[in-house]
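Please read it alongside the sequence and the coordinates.

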Amino acid sequence: MSLLENGTASIELGVEDYKLATINANRAVSAARNIYAGILLLLKHCLAEVSESLVFQRLKPDLSTGTLEWVPDGKKTVDFIQIRERWKQLGWGFDFALLEKIQRERNAIEHWHSETPTESLRELLADSFQLIVAIFRDHLESTPAAHLAPDAWETIAQEAKIQAELAEACRASRKAVQAVPEPLEDFWEDEVQCLECGSELLRVDSGTQFPDIIIVCDRCGENNDVVDVIEVCVGAAYPDPPRAWRDGGQSVDKCPNCDVNAYVLELDVCLFCGETRPYDRCAMCGATMELDEQDGEFCSYCSNLGWRD
Ligand SMILES: [Zn+2]
Ligand SMILES: [Zn+2]
Ligand SMILES: [Zn+2]
């Protein structure tokens, strides 16, 4: 079998497993494994389309034909990290972050102790849907429907659609919350994730006024604390630049107004309470007022000189 046939067969097997996963949790594990493996095989197929040797981990120079050729050295083929590296070297685009998420989902399912991890699987299928479409469209000038068994592809597409509808319902429940500070609105609707499982299926379970609400994850069922969600998700969206620990140049700091760690320095606004710093410049010397100097109108230097009163 070719890599392409292997890949599609693996995905089809995974979908069969998926259908049986609700009654047999072992099937969930093999569903996740097969679908992930199938995507890797499709990616290898794309490399092989350029040159068979690109699929192998190690290459060696060969002059036996009179001209230099790079031939496989051993039988090991490329893994996730090497596939990503070759892709980059070839200047090709692909959403490897999403593939990494699928890898994490697969690992989570393998270590999952629940009887029916079907919600996680659904998300995995929905994410896979996007990648499979992209591989066929962007690299093989084809469509999944032309290569996958119709019922397998229909199942994947159907699950992706259900996942999208669930995500939309959760987003709508967040959007309906009143008193969300304006600078937070977009972030609150689009960027928050469950702290337990990373799913976007965060639904407002009760309460109408931000932040006095209870949010639950529709994938893993965990209650998520609103403050924790904002702190962690804002931190992830605005990561510290390299060497920040040495230079003190972090991207997000504690808000002087609400004490939540969600003050985004580049926006100069807190993504929890929506406030900016009360004192921009020192009333005495005109120096920029740091976040930890916001308890009065004078900077710490001037305060120390006795101007506080
Ligand atoms: Zn969750
Ligand atoms: Zn704040
Ligand atoms: Zn001053």
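In this predicted model, helix α9 (residues 226-237) has 12 residues, which at 1.5 Å a residue should span 16 Å, and the 16 Å found between its end C-alpha atoms agrees with that expectation. Within α9, the residues Val226, Ile230, Cys233 and Val234 are buried. Because the buried residues of α9 fall within an arc of 100 degrees when viewed down the helix axis, they line one face of the helix. Asp228 and Ala236, by contrast, are exposed on the other side of α9. What the buried residues of α9 pack against is a set of strands, namely β4 (214-217), β6 (252-253) and β7 (263-264).

The largest nonpolar core of the chain has 35 residues, and those with the most contacts inside it are Ala31, Ala32, Ile35, Ile39, Leu121, Leu125 and Ile156. Two or more residues of this core come from each of α1 (3-20), α2 (25-50), α4 (96-110), α5 and α7 (150-175), and α2 gives the most, with 11 residues. Alanine 32, one of the core residues with the most contacts, touches Glu105, Arg106, Ile109, Leu121 and Leu124 when residues up to four places away in sequence are not counted. A second, separate core of 26 residues includes Leu166, Cys233, Val269 and Phe272; Cys233 is also among the buried residues of α9.

The domain assignment divides the chain into domain 1 (3-165), domain 2 (169-237) and domain 3 (280-309), and the centres of domain 1 and domain 2, taken over C-alpha atoms, are separated by 31 Å.

Two single residues can be described in more detail. Leaving aside neighbours within four places in sequence, phenylalanine 136 is in contact with Ser142, Thr143 and Pro144. Lysine 76 is found in the loop between β2 (69-72) and α3 (80-89), and it counts as exposed because it has 12 C-beta neighbours inside 10 Å. Not counting residues up to four places away in sequence, lysine 76 touches Phe56 and Gln57.

| Pair | Separation in sequence | C-alpha to C-alpha distance |
|---|---|---|
| Lysine 76 and aspartate 190 | 114 residues | 41 Å |
| Phenylalanine 136 and histidine 45 | 91 residues | 11 Å |

Methods
Residues numbered from 1 in each chain as written. Chains lettered and ligands numbered in written order. Predicted model: local features only at pLDDT ≥ 70, side-chain atom pairs only at ≥ 80, totals over all residues. Helix = DSSP H or I, 4+ residues; strand = E, 2+ residues; numbered from the N terminus. Buried ≥ 20, exposed ≤ 12 C-beta atoms within 10 Å, placed from the backbone. Contact = placed C-beta atoms within 7 Å. Domains from an automatic or database assignment. Core = buried A, V, L, I, M, F, W, Y, C linked by C-beta atoms within 7 Å. Expected span 1.5 Å × (residues − 1). Arc of directions from axis to C-beta.
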